[in-house]
Amino acid sequence: MTEADVPAVHALERILFPVDAWPEQMFRDEIAQSATRRYYVAEEPGPDGPRIVAYAGLMSLEPIADVQTIAVVPEREGRGIGSALLTELIDEARRRGADDVLLEVRADNPRAQGLYRRFGFSHIHTRRRYYRDGVDALIMQLPLAAPAGESPAGEGEKE
């Protein structure tokens, strides 16, 4: 994600997360912190040029990485875009030396929870009434450091 992407990303954010949308400046602040953050967009060709259809971001402060956001426009869900972005976030966490990746997901979003479980995340805690509309957040964790003799989660697996 670049500074030029922020207005389009923010417009999607307001549509996809109307209750909990980040302010536009928050995206600018996040991408400016490249030492601890990494943000991506997924684009597709459109009649007026490339169109952003998904975005995702990671914060990494050793030994933990945290998925800050991940979103795909509804008409492109189920096409592997979210999986590709999540794979890139996990790879970035590994490059930055994280032992674990954490994330929050709405308790009423089984589709996202299923994606995270397929990647090896497990539910470790619930934050009651975390979201502005009172929905709980499930805290999920993906260990990247494997015990001796085991492969880290996700290695060698195909979606």
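Predicted model: local features only at pLDDT ≥ 70, side-chain atom pairs only at ≥ 80, totals over all residues.

Biologist: Okay, what makes up the secondary structure of the protein chain?

Modeller: Four helices and six strands. Helices (H or I, at least four residues) and strands (E, at least two) are DSSP runs, numbered from the N terminus. Going along the sequence, you get the pattern α-α-β-β-β-α-β-α-β-β.

Biologist: Why is Q113 called buried?

Modeller: Buried means under 20% relative accessible area, exposed means over 50%, and partly exposed is in between (1.4 Å probe, protein chains only). Q113 has a relative accessible area of 9%, so Q113 is buried. You'll find Q113 in helix α4, residues 110-118.

Biologist: And which residues is Q113 in contact with, leaving aside neighbours within four places in sequence?

Modeller: V105, R106, A107, D108, L138 and M140. Contact here means heavy atoms within 4.5 Å.

Biologist: Why does D100 count as buried?

Modeller: D100 comes in at 16% relative accessibility, so D100 counts as buried. D100 belongs to strand β4. Not counting residues up to four places away in sequence, D100 touches P63, I64, A65, Q141, L142, P143 and L144.

Biologist: What makes something a nonpolar core?

Modeller: A nonpolar core is a set of buried Ala, Val, Leu, Ile, Met, Phe, Trp, Tyr and Cys residues joined through side-chain atoms within 4.5 Å. The largest one has 40 residues, and those with the most contacts inside it are V67, L86, V101, Y116 and F121. Elements that each supply at least two residues of this core include α1 (6-16), α3 (81-95), β4 (100-106) and α4. As for L86, its contacts, not counting residues up to four places away in sequence, include V67, Y116 and F121.

Biologist: How do you know that the radius of gyration of the protein chain agrees with a compact globule?

Modeller: The radius is taken over C-alpha atoms, and the globule rule is 2.2 Å times the number of residues to the power 0.38. With 159 residues, a compact globule would have a radius near 15 Å; the protein chain has 16 Å, so the value agrees. Buried residues make up 43% of those 159 residues.

Conventions: Residues numbered from 1 in each chain as written. Heavy atoms only, no water.
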